[in-house]
Amino acid sequence: MSKVAFALFNQDLAPAPNPSHWGIIEELCAFFTAAYKLDGLKGKQNSDNTPNNANLSSSAAESTERRKVDILRALSAVLFENGIHVKGSQQDLLQIIVTASDNTKQLEQSELRRMALNCMANMVHKTGSLFSTLHERMYEVLYSNLTATSHYESSSTSGTSTTTRRRDRGSERKEDKNISVRSIPPLMSVICRFMFFTSESWASQPISSTSSSGVNIRIIQRSSYSTSANIIPFTKSTGASSNTTQGLDLLEPSYMSYRNMQSSDSEYSDSECGVHQAQRIQHDGKVRLNALLCLQALARAAPKQLQPHWPKFLTNSSSMPMTAGTYKAPSLIGLIGSDPILNVRSAACVVLGNILESSKLYLAMSEENTGQSGTKNVRENILSGPTTASDDTTPEFLSRLLGLVESLEVPMVVRLEAWNTLRAVAQFHFDAIRTVWLRLDEALGSEQNLEDIRLRSAGLLFLEEYSKSGASASDPLTAEWWKDVMERHILKAFGEESPTIKALGCDCISHLSFDAFNGLPNRLEMLIMSLVLGTAIDEHATARAAACRAIGVFILFPSLREDSTHVIDMASTVLDLCQDPNMNVRVRASWAVGNMCDALVLLKTGGQEQVLDEVLTLALWTKVMKTALLICRDHEKLKSNGIRAIGGLLRVTFEGILERERHSLVKDAVYALIKHMEHGSLKGRWNACYAMQNVLLNSHFPIGSTAGTSYALDSDMVSWTRDVYGALLQAIQHSKNFKVRINACAALLVPETRAKYGDQVMMRKMVQVLMAAVQNLNEEQGEHEFGEFQYRGQLEMKILRCLDHLLQLTGGVASLDLEMDPALRQRIVASRPEVVESPPPPTLQASANP
């Protein structure tokens with residue numbers, strides 16, 4: 001029956017169970033549970049009936065154990081990914097599984113324990129919190145198996161059980177993060193011990209710690225290995241290096257008795273010795289692999305709690321961590337570079353990536369607080385390793401990568417990964433790449449002559465990352481460098497048929513700094529603009545999106561934004577692409593539109609009024625405004641760009657257009673900003689407040705009292721006055737984000753005349769809200785995230801200055817029939833700046849990438 005069940009539920013032989021099979025699964029589990037209990041009862045009776053015959057008793061016990069192993073093997077197959085469907089049998093299942101796996105003192109029953117542990121892992125796999133009340137007990141069983149002391153000579157199967165227990169622990173941790181949090185301290189030394197496991201150095205190495213559940217961690221000894229079946233058992237696994245690590249050790253013949261297969265190295269012939277050594281290496285690798293996967297589960301479940309233990313597996317030593325199978329400085333980086341098993345090296349790379357990825361938040365906070373990158377030690381550990389014999393300055397790691405990309409004889413996939421690794425190095429170590437640029441330049445030239453598009457793409461991706469890092473370097477890339485790279489590599493990309501290559505060409509030149517662009521020959525400047533504008537109408541969306549990004553960068557360059565012809569050409573291109581069917585194109589095009597409106601603001605503030613008059617015709621203004629309103633109704637990824645565009649455009653809008661469109665497009669734009677100040681994403685509300693500040697900076701923008709203006713015919717106050725100021729006050733009062741509040745205060749601080757703020761009722765409400773806001777700051781500490789409080793002082797200062805501004809315009813609180821606490825009055829006076837602040841330049845917005 002066990003073999004039938006195995007064949008039925010083996011994932012390689014039959015499809016996964018569907019709902020119609022769930023009843024069968026429950027019945028099979030009940031059957032195997034009953035069979036296991038019955039077999040155990042019969043075994044006890046046989047033992048009682050033959051008390052004086054040791055041989056018969058031993059034979060009966062061995063036969064009983066083999067049957068139990070077969071039953072648990074079949075049960076393991078049934079339980080795999082079906083634990084959620086065995087609620088009715090879970091108590092009986094756990095009773096036999098825990099009982100069988102918990103007897104760590106009986107070495108003879110190691111195979112039985114291993115099968116029980118497999119059942120446990122397969123039962124909890126993908127069950128979430130279904131067995132949460134039992135996870136603690138399961139964990140204790142797994143931990144005791146992992147750290148058990150053997151008073152016997154250890155058989156070679158202990159390694160097999162070890163790998164099983166490592167997999168089980170990974171499964172357990174995936175299902176219950178609370179266990180991870182409580183048990184990390186006593187467990188990390190055990191994980192590291194197995195993670196750097198070699199059989200030669202294993203014996204007589206005590207682990208002097210104690211588990212949280214009271215399980216003593218003592219010496220684990222291993223003898224030499226025996227047969228191949230003993231070393232590498234036939235297993236069915238869902239992928240050793242994947243996220244699913246639960247193996248089904250199901251295929252071992254039931255007649256194998258591992259405890260009877262002990263031997264020593266001296267029993268092997270010379271020809272067998274090499275095979276035995278290879279088997280030993282492979283088996284040690286399995287132990288290390290499963291320990292790595294357990295560490296990966298910890299990193300995902302509790303990254304913050306794992307961080308204090310990083311020094312245990314990320315050494316600061318620059319020496320090679322492993323030589324001839326012995327770890328001198330145990331480290332994940334050592335496993336990556338030196339482990340003899342490819343799967344272990346690959347898994348170590350994946351685990352290190354997962355650890356850093358799951359810790360991004362904490363690393364970012366560390367970098368912000370200390371001014372140093374949290375991942376710097378890891379990167380420096382790689383790059384500061386031994387140098388090559390022929391070069392005293394190039395790290396061996398970098399030299400090896402150069403050798404891989406320079407050689408045309410390496411397999412292609414290795415060269416691809418070498419370029420990808422160089423790209424990562426270029427991101428964080430621009431100077432290191434700069435020292436070997438000439439060699440890389442030659443390698444790039446060789447790649448561009450190949451037919452394989454993947455290699456050419458990898459080379460250009462590296463070049464794009466290097467040029468990006470060079471733009472922000474203390475010693476940036478020069479115009480001469482850009483001229484050479486343009487002619488040798490980038491311009492060729494625009495002649496390719498592949499949209500990916502064209503897109504990478506656009507991405508590369510989008511990192512051109514203004515100084516470098518301005519230093520290029522005029523013919524090259526014109527050629528670049530022609531190629532980018534041409535790529536923007538390419539039939540492939542990938543190329544169009546990349547071109548839009550490049551246009552968004554170029555439109556801010558002074559030499560281009562001051563040329564009305566260039567501005568109109570770029571504006572027409574990106575405005576049309578804001579209605580592209582591809583969303584990625586629309587995202588990049590809308591970002592370029594926002595930058596274009598910032599460029600118009602720079603023209604006005606930079607004294608280029610004549611150029612602005614030439615560019616901002618009524619027709620173009622109308623098209624830009626309609627496009628910006630359309631963007632605000634598009635996907636959430638685009639809305640902030642549309643909001644930013646509205647703010648910039650209304651800041652430079654001429655008085656005649658404002659009056660002409662006050663009942664149509666201008667009104668629609670104002671209420672679009674009000675809507676996004678009150679609702680929507682955090683990014684949208686921040687941008688809406690910033691945009692309203694831009695709008696109010698236009699001295700011709702109608703708001704407040706209409707006395708003495710053409711708007712007096714409509715009403716005493718411009719129609720949207722209460723709504724605009726009401727939205728700003730609501731943001732100051734209720735937004736949980738301090739940066740949104742700061743921007744709202746900045747907008748409220750802009751109008752310079754009393755009439756702009758409306759009637760007395762409106763002004764009184766503003767002062768009341770601001771006084772309450774500054775008084776409530778001390779009471780809101782428990783209502784905001786910790787990261788917000790770095791902006792608390794800035795917010796308080798902005799509110800006090802806003803209050804001071806309003807009270808000076810009104811003549812004090814007495815004119816508003818209000819009272820003010822003397823302490824608050826003193827704080828307002830103390831907040832007055834010695835020099836009046838100017839509003840932030842819009843280029844802060846333009847610098848962000850789409």
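Q: Which residues is Asp441 in contact with, leaving aside its neighbours within four places in sequence?
A: Asp441 is in contact with Asp484, Arg488 and His489. The word contact means heavy atoms within 4.5 Å. This model is predicted: local features need pLDDT of at least 70, side-chain atom pairs count only at pLDDT 80 or more, and totals for chains, interfaces and linings use all residues. Residues are numbered from 1 along each chain as its sequence is written, and side-chain values use heavy atoms, leaving out hydrogens and water.

Q: Why is Asp441 called buried?
A: Its relative accessible area is 7%. Buried means under 20%, exposed means over 50%, and partly exposed lies in between (1.4 Å probe, protein chains only). Asp441 sits in helix H19, residues 437-448. Helices (H or I, at least four residues) and strands (E, at least two) are DSSP runs, numbered from the N terminus.

Q: Is Ser640 buried or exposed, and what makes it so?
A: Ser640 has 7% relative accessibility, so it counts as buried. It belongs to helix H31, residues 636-652. Beyond its neighbours within four places in sequence, Ser640 touches Lys683, Gly684 and Asn687.

Q: Why is Asp817 called exposed?
A: Asp817 has 64% relative accessibility. Asp817 lies in the loop between H38 and helix H39 (822-830). Its phi is positive, at about 60°, although Asp817 is not a glycine.

Q: Why does His429 count as buried?
A: The relative accessible area of His429 is 13%, which is under the 20% limit. Therefore His429 is buried. The residue is found in the loop between helix H17 (412-428) and helix H18 (430-434). His429 and Ser469 are 40 residues apart along the chain, and 8.5 Å separates their C-alpha atoms.

Q: Why is Phe32 called buried?
A: Phe32 has a relative accessible area of 2%, so it is buried. Its place is in helix H2, residues 22-49. Ala74 is 42 residues from Phe32 along the chain, with 8.1 Å between the two C-alpha atoms.

Q: What makes helix H36 mostly covered?
A: Of its 11 residues, 10 are buried. Among them are Phe738, Arg741, Asn743 and Leu748. H36 spans residues 738-748. Its buried residues pack against helices H34 (682-696), H35 (721-734), H37 (760-776) and H38 (792-810).

Q: Which atoms come within 3.0 Å at the start of H36?
A: A side-chain oxygen of Asn737 and the backbone nitrogen of Lys739. A polar contact is a pair of N or O atoms within 3.5 Å; within protein, one must be able to donate a hydrogen and the other to accept it, and residues adjacent in sequence count only if both atoms are side-chain atoms.

Q: Why is the pair of Phe554 and Phe557 called tilted?
A: The centres are 5.5 Å apart and the planes make 55°. Rings of Phe, Tyr and Trp (its six-membered ring) pair if their centres lie within 6.5 Å; planes under 30 degrees apart count as stacked, over 60 as edge-to-face and the rest as tilted. The angle falls in the rest, so the pair is tilted. Phe554 is buried, at 0% relative accessibility. Phe557 is buried too, at 7%.

Q: How many aromatic pairs does this rule count?
A: The count is 14. Ring pairs also link Trp419, Phe430, Trp437, Phe462, Tyr466, Trp481 and Trp482 into a cluster.

Q: At what angle do H21 and H24 pack?
A: About 35°, with the axes 12 Å apart. Axes are lines fitted to C-alpha atoms, for helices over the stretch in contact, and angles run from 0 to 180 degrees between N-to-C directions. Lys483, Met486, Glu487 and Leu491 of H21 meet Arg523, Leu524, Leu527, Ile528 and Leu531 of H24.

Q: Which residues have pLDDT under 50?
A: Residues 149-162 stay under 50, with 37 contacts beyond four places in sequence. Residues 317-328 are also below 50, with 26 contacts beyond near neighbours. The score, pLDDT, is the predictor's confidence in each residue, from 0 to 100. Where it is low, the predicted coordinates should not be read in detail. The mean for the protein is 76, and 69% of residues reach 70 or more.
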